[in-house]
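Visitor: Hi, I'm new to this one. Could you walk me through a few spots?

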Protein chains: 4
Amino acid sequence: MVKVGIIGATGYVGAELLRLLLSHPKVEVAALSSVSFEGQEISNVYKTFLNKTNLICNSMDDVVEKCDVIFTALPHGLSEDIAKKAIENNKICIDMGADFRLSNEDDYEKWYGKKFSQPELHTKSVYGLPELNKEKIKNCSLIANPGCYPTTIELGLMPLLKNSLIKLDGIICDSKSGTTGAGRSLALNTHFPEENETFAPYKVGAHRHTPEIEETLSVMANDKVSITFTPHLLPINRGILSTIYCTPKNKVNLEEIYKLYVEFYKDKPFVNILPLGEIASIKNVRLSNDCYISLHLNHREDQIIVVSTIDNMIKGAAGQGIQNMNIILGFDETEGLNLIAPAF
Amino acid sequence: MVKVGIIGATGYVGAELLRLLLSHPKVEVAALSSVSFEGQEISNVYKTFLNKTNLICNSMDDVVEKCDVIFTALPHGLSEDIAKKAIENNKICIDMGADFRLSNEDDYEKWYGKKFSQPELHTKSVYGLPELNKEKIKNCSLIANPGCYPTTIELGLMPLLKNSLIKLDGIICDSKSGTTGAGRSLALNTHFPEENETFAPYKVGAHRHTPEIEETLSVMANDKVSITFTPHLLPINRGILSTIYCTPKNKVNLEEIYKLYVEFYKDKPFVNILPLGEIASIKNVRLSNDCYISLHLNHREDQIIVVSTIDNMIKGAAGQGIQNMNIILGFDETEGLNLIAPAF
Amino acid sequence: MVKVGIIGATGYVGAELLRLLLSHPKVEVAALSSVSFEGQEISNVYKTFLNKTNLICNSMDDVVEKCDVIFTALPHGLSEDIAKKAIENNKICIDMGADFRLSNEDDYEKWYGKKFSQPELHTKSVYGLPELNKEKIKNCSLIANPGCYPTTIELGLMPLLKNSLIKLDGIICDSKSGTTGAGRSLALNTHFPEENETFAPYKVGAHRHTPEIEETLSVMANDKVSITFTPHLLPINRGILSTIYCTPKNKVNLEEIYKLYVEFYKDKPFVNILPLGEIASIKNVRLSNDCYISLHLNHREDQIIVVSTIDNMIKGAAGQGIQNMNIILGFDETEGLNLIAPAF
Amino acid sequence: MVKVGIIGATGYVGAELLRLLLSHPKVEVAALSSVSFEGQEISNVYKTFLNKTNLICNSMDDVVEKCDVIFTALPHGLSEDIAKKAIENNKICIDMGADFRLSNEDDYEKWYGKKFSQPELHTKSVYGLPELNKEKIKNCSLIANPGCYPTTIELGLMPLLKNSLIKLDGIICDSKSGTTGAGRSLALNTHFPEENETFAPYKVGAHRHTPEIEETLSVMANDKVSITFTPHLLPINRGILSTIYCTPKNKVNLEEIYKLYVEFYKDKPFVNILPLGEIASIKNVRLSNDCYISLHLNHREDQIIVVSTIDNMIKGAAGQGIQNMNIILGFDETEGLNLIAPAF
């Protein structure tokens, strides 16, 4: 059994990693860390772990020492130094945060307000979207696990971009996320009476996932892609759905685009293309590692509308992290991730 | 007291009209009709009316006979004949449905599958968006009350279109509505366990509000406007929020656009422009007749993003109908509509 | 116009008082206070007041000075001194908190952890449940506005207790409340992802409304009543529903009990007894000042089950406070409170 | 691999059985049936099964023929004849409905309106609450899988009843369930806008689970137990929580009761007793086969309050059915059921 550990185990991403890793048949969770709850049993923080594990939150160093694979689930800016230590000790590090997602340091500084603290590490890290980078991931020991919004948009547009079918500017990404994406920290906009029965965008024109999306789409297109990205907060717990508007270069046949998507993703176990006429919905994917995509035209047939949805905590975070781990360790990509979304 | 009546009183729009009209200081609800519940007290259908009114659901003819103002809240295709009878009897008719919203009969046939049954009436009806057509409404006895989605989008774009500031094609309208918009009829997609904790678009590229929006925006622009419109269903009861993406003709200054909106709407009692930096939210408007609008740019400052929100059952239906009635009857436009959205 | 003010205007009870008082035809809101937001416009704290009022949060003294009627909406323990000042200045004080609800100082100390700071005031205050104490309220200038849970239970049991029909011990009060009852303070159990899609009791056997309920029921019974009270938190915003189990002294006829309730409450404008066979529901009362009650027997017909429901923020707080104000000022009891619950 | 099948696969219980059985390592789902969707792929009915299974809904006979273990998930009254056929063919039948839950035919007729159609089968069936009847289940081929409400209440009270610690009458069971318990059939009370943001009891004094609970509690107590049972509908998808009030025969020490429960359930893998001071919550159990129980006294310490919660679709239906199957087939009781409730 491979020993894995979670640094930042008491945040939502950490807790979801723990839940999934405890059911993974080929790994053993050997250590956890938490700054806020150091010394406490994790089952004291999340009662759903009662009688499921006796693990205690310890120090970061304890995790690095005891484990072969280390997941870092921390606010941005805190993972670089830990990653360095992990790599120096020949461990595998999968960073769930934003520290290694951008290759362009200027973009990182512009959107995150700081420079890289371990710039040399950034040359070794791989952006962990397995449907894009599986071969690179196999031989890598430092993964930048993608953001939740970017995963929906990148999977939604990849076949169009790789085949040069759409214009590269003016892409509109209107995304909606459940509240777990905002994490466990208390805030007025996620106070139940303030968030229930309402809906609104946030950080319009200013969300930090924007440069990550543009950079990855540009890699796919092999040319500069620009988007408008607007995230919204849904009064639900889990799930992201992105409605993506793009302009075809030439007149399109939806049936052909559908076939292209099916062919493109035929060996990707988690990406499902819905038959034409059906519409992707968050309930297709909730609590699974799946991405569901549906394809549409507007009524004038001059815009392609791609609807792409994932569970933000699984394919958008913990599940994708485990998928990356599976690839690195040579396991089947779906090991521990054969989750079927409950129908209700 | 002016006598008013509701045809189709037991649907959601009818029930909301009744609730608001019972509190209106200058009218008396004199008659109701319902096909499904004819002969029953309305308080038996909706228990919230218990001890508030003894009104019984009667026939359509009874409403036409007893009332000076008649609200028709019926599925599309059923209002034209009733409107004719009302107009012939010198009554005022406010149609909450789609029958009179489109002036173009070809569009009506294409999207609704039938021709006008009373074509001459369509020359007399006015599209009842008071912020656009107040003067025409004053002298009209047949109102086509706007659709809920169109109200958000038309109020959101009117100052830009009237001032020729944006390109007229490629406008993206990504709209999200609460479930009351789907009415009281049972359906699997509004069955609680199927709709709760999920989110999806519906009728992508095919929603019947599309031609209404395009026609009205074209009137505002005095030129042909084309949009892409995608409605989504939110797991909440009330409220619509539209996120609207449009391309400025020239480089824009958001501060100037903000001033333009404030000036444009300064005499419109229900339209509120949020200060720059704030973001419109459904909770701003729920249970009121207000529209809240916020203005934004994307990160490249080459797209304007307008966020526009209303309560779909009030400014998007019953409240707007009453606003139209107030204007026709010479009442203050806000009579009976001074509703403050509860903060929670 | 009578001048009214709110001390603690930015909490949920304060905001709801303001919303209702702004629509009250016979009063003018002349001043607000808030410790947390002193100096700010209330429309900056709650955007639903934008363009509805320009009131600014000022000091408590400002409210006492400018207003004839003062609502104190504060955490317990903070109202006594303000009430003293108000009474000394011949103002009317309606305390929305717990400071004056218990007449027994030992109970107050046991459940609230402190003694009365103005014990002489407690001889002048009246427990403001209008259906019980209307005559006393008329001549009083210091009102202890009842708690939300107690209001449901006391209205639910009053006819049975006043008529000595049930045993006075072993009454089970299983109550469920929306989250606004917990107020605006952030807490993990009202963090959206932690409260959504779940349900649990809290403070089992230890909620501070217990002595208030027992004291008031004992007044009604003219003998000592003991209860078991369990509050639960519902994943909704508004509304309380109490399911109350009591044992009849003699074999009961439900039809007779129903008639007794209808007769008992026939002059109480806000209490509605549902016909036998129907079941009270929070949707009957949400956003209104109503209480709906339904009456049942268990299958062995040896227990009476009373279901009693109110909107916790209106009849359970702000609305009841205004009802008390109306009575003191000689207005119609329903002035400003003719609210019909929306059907959805 | 043991071949299993589901009769009534397209209802909510059937779909949940399928989801769990597809992940069970020791069985193969060999056939499904559905009257409403015969001939269709199950992934067409529930899109979450897309690319997970190609199973087609066939006839009941097909399921009986192809499978060793047959789950019947049907409305009451329809399982007896199928069970007979299954038993005659030496198959194992686990009935998810009510047909075999009551041993007393008079009670069945009184509450369900019909007599047993296969009375001799009732002598062979076992009530499938494994924590009560594990030894009997091992040697049985016809299981009456318990109701969802009864499971919470029976597990909640078993240690008290087996140890004769409480009075056998006057037990109050106030239960609250998510909406999946009402199934997939459309109804006004589960129409989203009518069920969202509200809460109410239903079938007060008249729910069909009442005789099942009384019969099973009486078995545990070895004497006649009578209850008052009130179900309520929660605006959530999954989970039941019962708040149970009972009177101890003698003065109780909560610490001793806690130890009794821990000892009683120490070998039951799915029942978790929370430490004193903590309170069971639906979020502890959602999407798992667990039951969480917490123990409390009222403020006078003369009533025991047991809070017991399960996922109604898993421990209250599909999971418990699989637990019974595991026991009969000699598998580990937890096989395929090692589910950890997501923390959010």
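Guide: Here is a short tour, taken one topic at a time. This is a predicted model, where local features need pLDDT of at least 70, side-chain atom pairs count only at pLDDT 80 or more, and totals for chains, interfaces and linings use all residues. Residues are numbered from 1 along each chain as its sequence is written, chains are lettered from A and ligands numbered from 1 in the order in which they are written, and side-chain values use heavy atoms, with hydrogens and water left out.

Visitor: Where is Cys148(A) found?

Guide: In helix α7 of chain A, residues 148-162. Helices here are DSSP runs of H or I with at least four residues, strands are E runs of at least two, and both are numbered from the N terminus.

Visitor: And is Cys148(A) buried or exposed?

Guide: Buried, because its relative accessibility is 15%. The cut-offs are under 20% relative accessible area for buried and over 50% for exposed, with partly exposed in between (1.4 Å probe, protein chains only).

Visitor: What is Cys148(A) in contact with?

Guide: Leaving aside neighbours within four places in sequence, Cys148(A) is in contact with His209(A), Ile240(A), Ile310(A), Asn312(A) and Gly316(A). Contact means heavy atoms within 4.5 Å.

Visitor: Which domain does UniProt list for chain A?

Guide: The unreviewed entry lists "domain: Semialdehyde dehydrogenase NAD-binding" for residues 3-140 of chain A. That span is 36% helix and 17% strand, and its end C-alpha atoms lie 18 Å apart.

Visitor: Let's switch to Ser33(A). Where is its place?

Guide: Ser33(A) sits in strand β2 of chain A, residues 27-33. With a relative accessible area of 2%, Ser33(A) is buried. Not counting residues up to four places away in sequence, Ser33(A) touches several residues, among them Ile6(A), Cys57(A) and Val63(A).

Visitor: Now rings. How many aromatic pairs are there over all chains?

Guide: The count is 32. Rings of Phe, Tyr and Trp (its six-membered ring) pair if their centres lie within 6.5 Å; planes under 30 degrees apart are stacked, over 60 edge-to-face, and the rest tilted. Take Tyr46(A) and Phe49(A): they pair edge-to-face, 6.4 Å centre to centre with 90° between the planes. Tyr46(A) is buried at 3% relative accessibility, and Phe49(A) is buried with a relative accessible area of 1%.

Visitor: What about Tyr108(B) and Tyr112(B)?

Guide: Those two are stacked, 5.0 Å centre to centre and 20° between the planes. They are four residues apart in helix α5 of chain B (residues 105-112), so about one helical turn separates them. In chain A, ring pairs link Tyr108(A), Tyr112(A) and Phe116(A) into a cluster.

Visitor: Last one: at what angle do α7 and α10 of chain C cross?

Guide: Roughly 105°, with the axes of α7 (residues 148-162) and α10 (residues 254-264) of chain C coming within 10 Å. Therefore α7(C) is roughly perpendicular to α10(C). Axes are lines fitted to C-alpha atoms, for helices over the stretch in contact, and angles run from 0 to 180 degrees between N-to-C directions. Under 35 degrees is roughly parallel, over 145 roughly antiparallel, 65 to 115 roughly perpendicular, and the rest oblique.

Visitor: Which residues of α10(C) make the contact?

Guide: Ile257(C), Leu260(C), Tyr261(C) and Phe264(C) do on that helix, while the α7(C) residues include Leu157(C) and Met158(C).

Technical notes:
UniProt positions renumbered as here; feature names shortened; annotations may be inferred.
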